[in-house]
Amino acid sequence: MALLELRNVTRRFGDFVAVDNVSLGIESGEFFTLLGPSGCGKTTILRMIAGFDLPDAGQIFLNGTDLADTPPEKRPVRTVFQNYALFPHMTVAQNVAFPLKMARIPGGDAEKMLREGLELVHLSDKAWAYPHELSGGQKQRVALARGLVNRPSVLLLDEPLGALDAKLREEMQVELINLQKEVGVTFVFVTHAQVEALALSHRIAVMRAGRIEQLDEPAKLYGFPRSRFVADFIGHINLLEAQVGEPAHGHLRLSIPGLGEIMAPPLHGVAPGTTGTFAIRPEQVRVGIQEEIQELKNHFPGTVLHFLYRGDVTVFKVSLPNGVVIEALLPNSSPGRAELFEVGDVVSVGWRHDAGGFLHE
Amino acid sequence: MSGPPYIFLLLFFVLPGVIMVIASFRHPGEFGGLAPLAASDPRTLQGLTLETYRFFFGDAIYAYVLFKSFIMALATTLICLVLAYPLALLIARSPRKRRDFMVLLVILPFASSFLIRVYAWMILLGPQAALSQLVNGLLHAAGLPPVHLLFSPFAVLIAMVYVHLPFMVLPLYTNLEKHNPNLLDAAQDCGANGWHRFWRVTFPLSLPGIFSGSALVFIPVLGMFAIPDILGGTGDMLVGNLIKEQFLVTRDWPFGSTLSIMLTLAVLLFVWIAARLSGTRGRYA
C-alpha cells in the first residue's frame, strides 16, 4: 500500500479547476516530483497534502488514514517553503528546534534531535546565527533541518531551489539526494525546472492544467514521452508532423510531409493513416558530411542555419528540404570539431531507425 | 555635524532646551517673565540661582505629581495597546481593498477639533448620561453609594485612551501589515496552534510596532494638560497642568522651566529604555 495516496482529488477556485480528478500513490522512502508549468496545480496538491487547502472532492490518505479532518499542525507532514519562511526573530537553533518545542519533546531528547538536525545539514557552527546573517544556501539548509528534525512521514518541498543561483542549485541537488537517502523520509518535490526533476526524482508526475499527463521514472519520461506536451516540456526535442504508413518489418513507417519516408521504433495499435508527431531528441540526431551519415536509415540533406557553441556540445540548427528546422547536438569531444561547419554549409543529418518515437497528437 | 536634519534639531530641540535650562536657573520677573540677569538696583532679584531646584526637591508633592502622571501615561499606554492590537491585527489581515477604508475610519476623528472631542466626553460621562445612569443603577441595586464619572481620574483616563488610540493603532498596523504570511503557515506546519502562532511569531515580530506606538502614546499623555483641565476633578492635576500653571497662572517661569526639564529628562529616560528594548529585540523584523 502506498504511504501517501490521492484518490480522485479535485480542487476548484471559482470556475478555474486547479486540480482535476487526480489520483496517485507515493511509496514510502520515495523521492517523488510533481513537475509542470506554473498554474498546473502542482502547488495546490502540495498545499492540500500539508492541509493548508482542502480538496473539493476526493480524499488524501496517509498510511491508510483519511487526512480530511486533520488540521495542518496535526499532520505528520512538514513543508519546506519556497522562500524558506524562516522565523527572522529566532536563531538557527531556535528555528530548527521549533517543531520539537511544539511537539513537546522533552529537553534531553530535543537537544539530541536538534544537534543531529544541525549536523545533518552541516550547520552546527551556525546554530547561534540569525537567518538574516545566512547565505541563500544556508537558509535553505536551515529550512531542510527544520523540516526533517523530528522525522516527519513526508517532507513536502515547494520549489526549494528556485531562489538559488545556478551553481549553488547544482550543489544543493546533490545534497538533497544524499539527504533523502540518509534520512529515508519520503520527499514530495514540486518544481517547474525539468532538469531538477530529472536529476533528483525516483518518479515524476508531469502535470498540465490540473491533470497528470504522464507519471514515470525520469529516464522513461525523457526517453519515451507519451504526449507532445511531455516531449516538449522535458528537455529539447524536435517535433515533426508525421503520418503512419504501411507496416514494415519490425518498424513503424512514417511519412513526413515534404521530406519522405522514415523508419521509427514500432508502436502497437496505430493504424496506417493516423496522423501525429514524430519526436526525436537533438542528441539522437547526427550531423556530418554525407559519407558519415548515409549509413543511417533516416538521413536527409540540409543547410546549416546557425549554430551555438556551448563548450561541451555545439547545437546546430539545420534547415531540411521541406523547410522544417531540426536541432542536432554535436559533441565537442575532440578538439576542433566545433569548427567543422559554418553557417550556410550543406550537410547531412540523420538518425537511427530505433531512435525517436511517434506521438498520437 | 552638518546638513538640514542637524540644523533642524539644533533650531527646534537644542536651542529651546538651552533656553529652558538657562531660564530654570534665573529668578522670576515681578509680573511674569524672567528677572534681568544683571540690574543696576541691587535690591531687585538678579543673576542665577538654584532656588527652583531647591523648591522642586524640597517638596515631595512635585515628584508625586510627576509619578502620578507617569502612572496615568503608563495606564493609558497599556489600555491603548490592549484595545489597539486586535484592531490593528484585524485591519492588517483584511483584504487589501478594505484595509484603506478601515485605516481611514481610524484617523477620521482627527477631522474634528481635539477640544470638541474632549468636551463630548463631558456629555457622555455626565450625571444624566446613559452610562452614569447604568453604573449608578447597578451600584444602587448592589446597595452601594452612587459615583461621579465626570471630573474624576476615570474620566481623564477614558479621554486619554480615546484621544491617543489612533497613535497606537497606526504604527501597530504598519508593522503587522508587513509580516510575511508564510511565517504563520510555517509555524502551523511545524505544529503550532493558534495560540503559539500568535505568541511565538506574530507578537515577537510586532515588538517594534508596539514600542513605537507606546512612545507615541506615552510621551504626549505625560505632558497633556487639556484633558485633565476639562474632565479631571480639582485633585487630578498632572505634571502638564502644573507646568501650564507656572507659565500662565502663577507666572513663575523659572519654576515652570524646571518642571519642564524634569519632565523632559523623565521622557528621555523612558525613550532610552524603549530604544534599548526595541534595539535588542526588534532588529530582525
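Biologist: Before we start, what should I know about the numbering and the model?

Modeller: Residues are numbered from 1 along each chain as its sequence is written, and chains are lettered from A and ligands numbered from 1 in the order in which they are written. The model is predicted, and local features need pLDDT of at least 70, side-chain atom pairs count only at pLDDT 80 or more, while totals for chains, interfaces and linings use all residues.

Biologist: Which domains does chain A have?

Modeller: Domain 1 covers 4-225 and domain 2 covers 236-359; such bounds come from an automatic or database domain assignment. Taken over C-alpha atoms, the centres of domain 1 of chain A and domain 2 of chain A are separated by 40 Å.

Biologist: What is the strand order in the five-stranded sheet of chain A?

Modeller: The order is β13-β12-β11-β14-β20, the sheet is open, and the pairing is antiparallel. Strands here are DSSP runs of E with at least two residues, helices are runs of H or I with at least four residues, and both are numbered from the N terminus. Two strands pair if DSSP finds at least two bridges between them.

Biologist: Why do β13 and β20 of chain A have one side without a neighbour?

Modeller: β13 (260-264) and β20 (357-359) of chain A are at the edges and have a single partner strand each, so one side of each lacks a neighbour in the sheet.

Biologist: How many bridges join β12 to β13 in chain A?

Modeller: Five bridges join β12 (residues 252-256) to β13(A), and the two run antiparallel. In one of these pairs, A:Ile256 has A:Gly260 in β13(A) as its bridge partner.

Biologist: What about the sheet with four strands?

Modeller: That one is also open and antiparallel, in the order β2-β1-β4-β5 of chain A. Its edge strands are β2 (16-26) and β5 (65-66), and each pairs on one side only. Strand β4 (residues 57-62) is joined to β5(A) by two bridges, and A:Leu62 stands opposite A:Thr65 in β5(A).

Biologist: New topic. Is strand β7 of chain A mostly covered or mostly open?

Modeller: Mostly covered: five of the five residues of β7 (residues 154-158) are buried. Buried means 20 or more other C-beta atoms within 10 Å of the residue's own, exposed means 12 or fewer, and partly exposed lies in between, with C-beta atoms placed from the backbone.

Biologist: Which way do the residues of β7(A) point?

Modeller: A:Val154, A:Leu156 and A:Asp158 point one way, and A:Leu155 and A:Leu157 point the other way. In a regular strand the side chains alternate between the two faces of the sheet.

Biologist: How many residues are in the largest nonpolar core?

Modeller: There are 101 residues, and those with the most contacts inside the core include A:Leu156, A:Val188 and A:Val96. A nonpolar core is a set of buried Ala, Val, Leu, Ile, Met, Phe, Trp, Tyr and Cys residues joined through C-beta atoms within 7 Å. Helix α2 (residues 92-102) of chain A gives the largest share, seven residues.

Biologist: What does A:Val96 touch?

Modeller: Leaving aside neighbours within four places in sequence, the contacts of A:Val96 include A:Leu114, A:Val142 and A:Ala145. Contact means that two C-beta atoms, placed from the backbone, lie within 7 Å.

Biologist: Now chain B. How many helices and strands are there?

Modeller: Chain B has twelve helices and zero strands. Of its 285 residues, 31% count as buried.

Biologist: And where does chain B touch chain A?

Modeller: 17 residues of chain B are in contact with 19 residues of chain A. On the chain B side, α8 (181-189) and α9 (194-223) are the elements that give two or more residues, and α8(B) gives the most, with six.

Biologist: How is chain B divided into domains?

Modeller: Chain B has domain 1 (1-49) and domain 2 (60-281). Their C-alpha centres lie 33 Å apart, and eleven residues of domain 1 of chain B are in contact with eight residues of domain 2 of chain B.
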